[in-house]
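Colleague: Before we discuss the pockets, could you put the model up and explain the terms as you go?

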Amino acid sequence: MTGLQFRMKRLFPFTLLLFLLLSCQEKISRQTASTIDVQKAALDSLGERYLQLGRFSGMILIAQEDSLRYANSFGMANYEEAIPFRSHTAFQIGELAQLVYRDLLERTVSNKQVNLDTSLRTYLPEIESDLTLSKLLHADTLISNRQMIQLIERVSARSFDEQLLAYTQESGLQHTGLQPSDSLTAIGYLYQNYRGQGLELHTAAESQEGSSANRAALYASARDVLQILRRQDTKLEIHGYVADDGFSYAVQHRPNSDRSIVILSNRRHPVGEEILQRIEALLEGEAYQLPLERKPVTIDPKTLADFSGHYALNEQIQFEVRDAQDSLYVFLGPTKTRLIPQSSHQFYMEETDAALRFIRDASGSVEEVILLNGFMDSEQIAKRIR
């Protein structure tokens with residue numbers, strides 16, 4: 001055996017092992033890419049369903065391990081002018097502004113060397129509580145956005161606008177601020193029966209008047225909100241809506257898994273939490289359910305009698321469900337509304353964003369009905385009384 005043959009013989013097992021490792025790695029990469037593609041398709045379907053229902057219009061971002069794993073938009077930033085969402089479109093972010101305001105207050109307190117045990121009443125006499133600066137900095141929302149702005153100005157003796165500008169520049173927030181005036185700002189909308197002609201999309205009152213009148217309203221792009229979240233070192237989950245301005249939001253930040261989720265919408269519907277729960281289940285490989293489409297389905301008319309009866313949500317709110325002429329109707333006082341089947345046991349109302357989901361017990365009889373008002377989940381359960 002020559003020296004070359006001997007070396008080749010020694011190298012062969014190593015070469016084979018390397019080949020097998022590379023093949024496994026390639027296979028894992030293909031499987032990972034396939035999983036991500038499936039998740040993206042499912043996330044797209046999730047956003048599209050809520051858009052179709054008129055409950056959501058906006059952006060969804062998911063980041064993990066310093067990379068943007070998913071980013072997509074649904075609907076329009078401005079429906080009148082057909083302006084789509086862009087990566088830098090700014091939304092009014094409601095309670096999320098407190099993350100920025102607390103950061104600013106902490107910097108101000110540190111620079112001014114203010115005693116953290118100082119009562120807020122020192123700066124905001126109108127607040128009737130013993131709340132201190134320390135408690136405010138280490139708790140959830142305790143005072144309004146407007147009061148936070150006033151507090152920051154009074155503690156620092158400097159213009160809030162000046163401080164916010166410096167903060168956004170230092171933090172790399174490119175589309176965050178008060179009173180945005182460019183076309184990249186989303187318009188807020190409501191989806192409701194406001195003219196008695198069924199569900200319609202219309203501009204929120206504050207958006208029509210110009211939200212610049214609300215100096216406490218902070219706007220930010222989804223990417224800026226993601227940056228704000230990833231500066232936090234604690235677990236966060238915040239969701240809510242700005243009623244008059246037609247915006248809603250939901251965020252989740254998990255430092256231990258290095259994952260952040262941002263959902264911003266220019267619809268008032270507070271379904272952000274519901275969407276967030278579905279996204280989390282999807283990412284964890286758990287079962288989840290899309291809300292039903294508002295489309296009629298055919299059911300056996302003989303089953304309608306099962307749902308007929310009198311129900312009570314509480315002592316004040318009672319209603320009757322009655323079947324007639326192969327249809328189901330709900331009577332609340334003198335008001336009669338036809339119920340349209342979405343499934344074998346769920347019915348929606350054409351004029352409003354509401355539905356009834358009837359629940360059968362172990363024996364198959366209907367004793368409860370869940371009242372849905374624009375959401376898939378609800379704790380509003382009416383009991384059959386006769």
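Modeller: A pocket is, on a 1 Å grid over the protein atoms alone, an open set of points with protein on both sides within 12 Å along at least five of seven lines, and lining residues have an atom within 4 Å of a point. This is a predicted model, in which local features need pLDDT of at least 70 and side-chain atom pairs count only at pLDDT 80 or more, while totals for chains, interfaces and linings use all residues. Residues are numbered from 1 along each chain as its sequence is written, and side-chain values use heavy atoms, with hydrogens and water left out.

Colleague: Which residues lie nearest the centre of the second largest pocket, and how many line it?

Modeller: Its lining has 14 residues, and Arg102, Leu137, Gln232, Asp233 and Thr234 lie nearest the centre. Helix α2 (residues 97-112) provides the largest share of that lining, 5 residues, where a helix is a DSSP run of H or I with at least four residues and a strand a run of E with at least two.

Colleague: What makes up the lining of the second largest pocket by class?

Modeller: There are 6 charged, 4 polar and 4 nonpolar residues; Asp, Glu, Lys and Arg count as charged, Ala, Val, Leu, Ile, Met, Phe, Trp, Tyr, Cys and Pro as nonpolar, and the others, Gly among them, as polar.

Colleague: And what volume does the largest pocket have?

Modeller: About 710 Å³, a volume being the space filled by probe spheres set on the grid points, which are joined across faces, edges and corners. Among its 32 lining residues, Ala354, Leu371, Leu372, Asn373 and Gln380 are the closest to the centre, and α8 gives the most, with 4 residues.

Methods:
On a 1 Å grid over the protein atoms alone, a cavity is a set of points where a 1.4 Å probe fits but cannot get out, and a pocket is an open set with protein on both sides within 12 Å along at least five of seven lines; lining residues have an atom within 4 Å of a point.
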